[in-house]
Amino acid sequence: MNEFETLTVSVNGFPTRIWRKGSGPKLGFLAGYGGLPRWMPFLDELAKARTLIVPSLPGFPGGDRGHSILDTHLDWLLAVRDTLDQAGLSGADLAGSSVGASLAAEVAALWPATVGKLALIAPFGLFDEKNPPTDPWAQRGDAVPGLMCADPEIWKVMKATPEGANSIEWPIEQVRANEAAARIFWPLGNTRIEKRLRLIKSPTLLLWGEQDKIMPRDYAEVFAKGIAGPTTTKIIVGAGHLAEHDKPAEVAQQILAFMG
Amino acid sequence: MKLMWFHLMPYTELPEDFRDANPSVWVDIHSSLFDPKRAHLMYNDFMDELEYAAEVGFDAICVNEHHSNGYGLMPSPNLIASSLARRTSDTAICVMGNSLALYNPPTRVAEEFAMIDCISGGRLIAGFPVGTPMDTCYAYGTNPSQLRQRYMEAHDLVIRAWTERDTFAFNGRFNQQRYVNIWPRPVQNPHPPIWVPGGGSVETWRWCAEMNYVYCYLSYYGYKAGRATMDGFWAEMDRLGKDRNPYQAGFLQFVGVAESRQQAFDLYGEAAEYFYGRCLHVDPKWATPPGYTSEGSQRAGIESQVKKAADSAVRGKSTGERFAAVARGMNAIVANGYVIIGSPDEVAEQLREVATQLNVGHLMLLLQYGNMSKELTRYNTKLFAEQVMPKLKDVHASWTDHWWPKPMHASQRAEIPDFMPRLGAE
């Protein structure tokens, strides 16, 4: 059923997972908060029309402990640039969600020639005191699923230990994903990306879950105004912060239609 | 053995319905609950209590650091310690301690501790805690993923600042300082003894063993719960081929002494229930910033739960998680061993057992807790000093304490004029 390939590259000396599926022009995807501990239906949807390439980011599932040596924002951006290059995504269209969307936008800003079209699902990176994002790291454990997805079951299933997986290492890997996000975005989520948006020349699609409980939907406007390239904003009805998991078909269809 | 008198400086007037009406005693505790004029009296009472403990013969008086915390009013323990340095003469001053990663640059810790060591004539014990998640990650905004790396680097910087004779450049991952050259320098040579309070991670045990630092387990759950942690520390020391010198360990214990066990139960019940009920009421959302607990400790914690090991309630658990499982009624508080109560003989007997079973040479005693009044604190302290302390002096007598301050000789030390409060009539 899920006939995807798994490759491993080395980023700063850490083994890094690259998933690949489908045919046609390349499209990269950088996962959101929590990463991709397992293959998800959204990826199948994108792979229907494109060669989908999904590199793991440092510290996120498939990214080993690569986050542990990244101390500055520049360290992070160089690691992401390196990962994309090794995944064969230089020059390709790029999509990202949440924390991954923020890094995709940064790469498009700093190295505009290496990114084709850009699709961003509720990116991190901004902080408005009057309308702050929800703090994902100060939550009771049982609150997280409902903050990440409109349907909390989707998050729970994605994060549940699969049959046969190491029952000690799996939960540690999920904490590591939250730690990696914290390492980039602690404490406010504010990387001052706003200052770099004008450098993004790519045509950009902004997608936001109608029920996003993490990133205020008004932030879409800040991105749309700031980005130099042409932007389109779409709201995904019935979706939460990780809209691609709540509504895989709709989100994939929006992205594929935009990328052309 | 050494008997040390520890103050947390809790705000003593949290309302009775605090637990129900407020989400947390820490991080987002509401400012409306804080009355600065009442705090004026509390601080002065607390400092009187510390000075009194020194006067009646405790080996050390101890203070610690917390932020945005309703049970710990010392964001800067160094301020209190410097005042204590002037109002005491021979007692060790234990600052337990400064959360190294929170100081920018961490050179500040080297400087302030050197000041206290100079003012006190070499009586300082330098505590280096990582700090709780609430203090470090939430109240102070430190990145949990970098906290331990920053702590280790700050430690190296402080040690170099104390020991290198010439101005040097510090080229760290997180701290760069072109000219490090602290004035003043510590009296104690090469530097004050270093004590490390830790939560029970293998990494911390190993580090204390290798660096020859005192490992302190400062839990609020008494000797029964502390046993597994201290056993773990000594097992690691054995594994590394180190001496089982009890003075390389410290342990915190709540105590209430009275004429009889029943009287102690009645006298200290309210204060203990105030502490365990109101002071440890922490919103679980502040418990686990990702990265704060090392992966090694997470692994040990999960394994210990799988095995239902004796330490499964604490291994790999953060401060907040431990608080959530705490008992709050006096019967359970005493039964669980959180607070040791009884007549002087009974308390001495129990503490002797704690010191021997846990192999601990430094007992840090909480004789004030919760909303305990100044009078009751004084009574507890006096009775302990007069009737418990003499019964414990022989414990661990065959060992030498290599981790105790080495002050200047009394004849070399400054004469501190007696403090003479002016009488109202003058």
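How many bridges join strand β5 of chain A to strand β6 of chain A, and do these strands run parallel or antiparallel? Strand β5 (residues 93–97) and strand β6 (residues 118–121) of chain A run parallel and are joined by four bridges.

## Basis of the model

This is a predicted model, in which local features need pLDDT of at least 70 and side-chain atom pairs count only at pLDDT 80 or more, while totals for chains, interfaces and linings use all residues. Residues are numbered from 1 along each chain as its sequence is written, and chains are lettered from A and ligands numbered from 1 in the order in which they are written.

## The sheet of chain A

In chain A, eight strands form an open sheet with mixed pairing, in the order β1-β2-β4-β3-β5-β6-β7-β8. Strands here are DSSP runs of E with at least two residues, helices are runs of H or I with at least four residues, and both are numbered from the N terminus; two strands pair if DSSP finds at least two bridges between them. The edge strands, each pairing on one side only, are β1 (5–11) and β8 (231–236) of chain A, and the twist from one strand to the next averages 20°. Between β5(A) and β6(A), which are parallel, G96(A) has L120(A) as its bridge partner.

Helix α2 (residues 73–86) of chain A lies across β1, β2 (14–21), β3 (26–30) and β4 (51–55) of chain A, and runs at about 135° to β1(A). Helix α9 (residues 248–259) of chain A lies across β3, β5, β6, β7 (204–209) and β8 of chain A, and runs at about 170° to β7(A). Axes are lines fitted to C-alpha atoms, for helices over the stretch in contact, and the angles run from 0 to 180 degrees between N-to-C directions.

## Contact between the chains

The contact takes 16 residues from chain A and 19 residues from chain B, where two residues are in contact if their C-beta atoms, placed from the backbone, lie within 7 Å. On the side of chain B that touches chain A, helix α10 (residues 295–306) of chain B gives the largest share, five residues. The residues of that side divide into eight nonpolar, six polar and five charged, with Ala, Val, Leu, Ile, Met, Phe, Trp, Tyr, Cys and Pro counted as nonpolar, Asp, Glu, Lys and Arg as charged, and the others, Gly among them, as polar.

## Nonpolar cores

The largest nonpolar core has 127 residues, and those with the most contacts inside it are M4(B), I61(B) and I93(B). Such a core is a set of buried Ala, Val, Leu, Ile, Met, Phe, Trp, Tyr and Cys residues joined through C-beta atoms within 7 Å; a residue is buried if 20 or more other C-beta atoms lie within 10 Å of its own, exposed if 12 or fewer, and partly exposed in between. Helix α9 (residues 261–279) of chain B supplies the largest share of this core, eight residues. Apart from this core lies another, of 80 residues, which includes A31(A), A105(A), M148(A) and I236(A).

Leaving aside neighbours within four places in sequence, the contacts of I93(B) include A60(B), I61(B), A81(B), I116(B) and L124(B).

## Helix α4 of chain B

Just after α4(B), G121(B) takes a positive phi of about 70°.

## Backbone features in loops

In chain B, a cis peptide bond with omega of about 0° joins N104(B) and P105(B), and P105(B) lies in the loop between β3 and α4 of chain B. Another cis peptide bond, with omega of about 5°, joins W183(B) and P184(B); P184(B) is in the loop between β6 and β7 (194–197) of chain B.

V27(B), a residue other than glycine, has a positive phi near 75° and lies in the loop between α1 (18–21) and α2 (36–55) of chain B; V27(B) is buried, with 21 other C-beta atoms within 10 Å. N212(B), also a residue other than glycine, has a positive phi near 65° and counts as exposed, with 12 C-beta neighbours inside 10 Å.
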